There are 2 protein chains.
Amino acid sequence: MTNFIFKNPTKIIFGKNTISSISEEIPRDKRVLVTFGGGSVKENGVYKQVQEALKGFTFFEFWGIEANPDISTLRKAIALGKEEKCDFVLAVGGGSVIDGSKLIAAGILYDGDAWEIVMKRDWTANKALPLASVLTLPATGSEMNAGAVISDRANKEKFAFYSQYPVFSVLDPETTFTLPSHQVACGLADTFIHVIEQYLTTTDQSPLMDRWAEGILQTVIEIAPQIRENQHNYDAMANFMLSATMALNGFVSMGVSQDWATHMIGHELTALHGLTHGHTLTIVLPGTMWVMREEKGDKILQYGKRVWNIEGSDRVETIRKIIDRTEEFFRSLGLKTKLSENGAGVETIDEIERRFEERKVKFGENRTVDSAVARKILEKVF
Amino acid sequence: MTNFIFKNPTKIIFGKNTISSISEEIPRDKRVLVTFGGGSVKENGVYKQVQEALKGFTFFEFWGIEANPDISTLRKAIALGKEEKCDFVLAVGGGSVIDGSKLIAAGILYDGDAWEIVMKRDWTANKALPLASVLTLPATGSEMNAGAVISDRANKEKFAFYSQYPVFSVLDPETTFTLPSHQVACGLADTFIHVIEQYLTTTDQSPLMDRWAEGILQTVIEIAPQIRENQHNYDAMANFMLSATMALNGFVSMGVSQDWATHMIGHELTALHGLTHGHTLTIVLPGTMWVMREEKGDKILQYGKRVWNIEGSDRVETIRKIIDRTEEFFRSLGLKTKLSENGAGVETIDEIERRFEERKVKFGENRTVDSAVARKILEKVF
């Protein structure tokens, strides 16, 4: 194990009928900027519950934060927040609304253009308004971490930055019952691959972190078919919501190395083709596993044995089976796992290679995933 | 899953040579009361590292917090803290020093006698000084939770109360290399049974929490023989330290029921016979499992299958095997698991039954462990 520092101060309020608790969690004297995505919260009752809870508060609504929140939209929210002198941000929605609101919370206190905050990458030591969330789509873990990913559609770019943790997040599994099944599938995939990024490196770093990572993977595999069958299964949706939050809040990454190459390549697929984040990961991961099979071989075998019960005497053949089984799982969620099935041509591979070459990036736990390796990964999943 | 609220704000600073970081974590203007147990930290270098880190701070030392911290000792520390106008408490030691320091941190700001704080049971909404810790003995989890257990030897009593979380805790696994092997054994047992108390109830509450609980149990079982063989094995001790902290910080109990009957009976054995806390649990648990086998049967079978790989067609016989295997594990740590091996006579059972009867307590996840059931449990492990 390597040295680490862990601190996660977010308060999680979890369960049925918990949205009303925001009235006790937000100080009465705050001027609250409430941020939303599209109108789905008006249909599923969440908006009404939030309105009810905020009776007596001074609050301002900002609507229209899109999937993969765009800097141009967020600039408008920041302008509203500055104009109304807001001093608290409440994000109501999925990971995109919460991610975008992290930039809004920082941008309201920043004099320059908010994209500069993104490009500074780490805003954790700088000022931001307190932020809280009402989560409606389990996937990104943004409700209990300090990360956010912001897009600039004008320049087809997408970057992560770090800011403050939400003060509190309300997780009511019933808000997820009416989500589109594609979003649920992407959320399950996102949860799964967040864990993989923190787990599928080398063996013998921490048996406890390995067990906890495997525990989330096993849980997602167990609940996915129940959710596909009935999205109103409260316990299944509750465990999905809990798993998604636990998958990216630092609980499974203490003292161990991390990868994230699959995410970095996936972000480019979203930037270039608008694919949902979780979906891009299911396309890239089987390629990453295959191309990196020498570095990651022992861990892939441990993963296969413990999570899928796959063992074999031929090392390469067993690794191939484990990767195939993983891809099958993604396809069982209803996701298409090949680039060519998703409207991408060979020019996508060329462009991503060019960008990585230009930025001189090296991803992965050993910093070995450069532009050439990224090309190999994408060719494998074409 | 049931509704829950989770918040754990403690900052964990984990790894080699991390004690020096306390100089950056404690504000310079604080008057620090530094609390210690016996003199072992003078022998293993911890005291020197703490002294070095506190150069330039105004601090006062209080020595002599014993195992199962006694109210009479803590009263003296509180008097010193009041006299010197301390406004920060730094506990350097194991769970007893940290538990005791939680009462000290509350007591310095309290006008009455500190035992009143214990008897109020829940001090979380009341004032206490900020507390931090340098942990030297993995076991109780006190370094990352709000609980504490205080003894009153004069009246042979021992009670838990709840206060604030430590602001930060420094966990350097190297501080554990020279611990007496009996203390390490008790720490491993304590870690194991903390998890059992939050896990061994009923099945199908949360597959994720089950996996995480089993993950700690599997890790303790995996590292225990490595630790018994070589207490200077850094990775094994680091994973022990991490497991002990994760076993009782709320991470494995989200949305699930909890038991704690074994602890409540164990506390009485410490109060009456001075046995080390972790050791008392290894005596009581096999009895709890056997006597409660109808309520807990399905979960015992899940535990046996997943953690010990024990399965069988005869339900009762399989449960018996699983309990025997658990007890064998405790004995492999060098602990004697029968009451009669540990200086307790039948009068101990009579006295605990009498106390539980007098207090009209009902413990366990279904509140079914009363004085009569406690007698059955103790008779089983006599």
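Copies are superposed by least squares on the C-alpha atoms of residues with pLDDT of at least 70 in both. In this predicted model, chain B can be laid on chain A with an RMSD of 0.0 Å by a turn of 180° and a shift of 0.0 Å along the axis. The two copies are thus related as by a two-fold rotation axis, and in chain B the C-alpha that lies nearest this axis belongs to B:P9, at 2.2 Å from it.

**Contact between the chains**

- The contact between the two copies takes 35 residues of chain B and 35 residues of chain A.
- Three elements of chain B, namely strand 1 (4-14), helix 8 (207-229) and helix 9 (234-246), each supply at least two residues of the side that touches chain A, and helix 8 of chain B gives the largest share of that side, with 10 residues.
- By residue class, the side of chain B that touches chain A divides into 18 nonpolar, 11 polar and six charged residues.
- Because 100% of the interface residues of chain B are also interface residues in chain A, the copies meet through the same surface.
- Strand 1 (residues 4-14) of chain A and strand 1 of chain B run antiparallel and are joined by seven bridges; in one of these pairings, A:F6 has B:I12 as its bridge partner in strand 1 of chain B.

**Domains of chain A**

- The domain assignment of chain A gives domain 1, which covers 11-175, and domain 2, which covers 180-380, and the C-alpha centres of these two domains lie 27 Å apart.
- Where the domains of chain A touch, domain 1 gives 18 residues to the contact and domain 2 gives 23 residues.
- On the side of domain 1 of chain A that touches domain 2, the elements that give two or more residues are strand 6 (147-152) and strand 7 (157-162) of chain A.
- The residues on that side of domain 1 of chain A divide into nine nonpolar, five polar and four charged.

**Strand 2 of chain B and its partners**

- Strand 2 (residues 31-36) of chain B is mostly covered, with five of its six residues buried.
- Strand 2 of chain B runs parallel to strand 3 (residues 58-62) of chain B and is joined to it by five bridges, and the bridge partner of B:V34 in strand 3 is B:E61.
- Strand 2 of chain B also runs parallel to strand 4 (residues 88-93) of chain B, to which five bridges join it, and here B:F36 has B:V92 as its bridge partner.

**Helix 10 of chain B**

- Helix 10 (residues 261-273) of chain B has 13 residues and reaches 18 Å from its first C-alpha to its last, which is close to the 18 Å expected at 1.5 Å a residue.
- Of the 13 residues of helix 10 of chain B, 11 are buried, and the helix is thus mostly covered; the buried residues include B:H263, B:H267 and B:E268.
- Among the elements of chain B that cover the buried residues of helix 10 are strand 6 (147-152) and strand 7 (157-162), together with helix 7 (181-199), helix 11 (277-291), helix 14 (346-359) and helix 15 (371-380).
- The residue that follows helix 10 of chain B is B:G274, whose phi is positive, near 70°.

Key
Residues are numbered from 1 along each chain as its sequence is written. Chains are lettered from A and ligands numbered from 1 in the order in which they are written. This is a predicted model: local features need pLDDT of at least 70, side-chain atom pairs count only at pLDDT 80 or more; totals for chains, interfaces and linings use all residues. Two residues are in contact if their C-beta atoms, placed from the backbone, lie within 7 Å. Domain bounds come from an automatic or database domain assignment. Helices (H or I, at least four residues) and strands (E, at least two) are DSSP runs, numbered from the N terminus. Ala, Val, Leu, Ile, Met, Phe, Trp, Tyr, Cys and Pro count as nonpolar, Asp, Glu, Lys and Arg as charged, and the others, Gly among them, as polar. Two strands pair if DSSP finds at least two bridges between them. A residue is buried if 20 or more other C-beta atoms lie within 10 Å of its own, exposed if 12 or fewer, and partly exposed in between; C-beta atoms are placed from the backbone. The expected span of a helix is 1.5 Å times one less than its number of residues.
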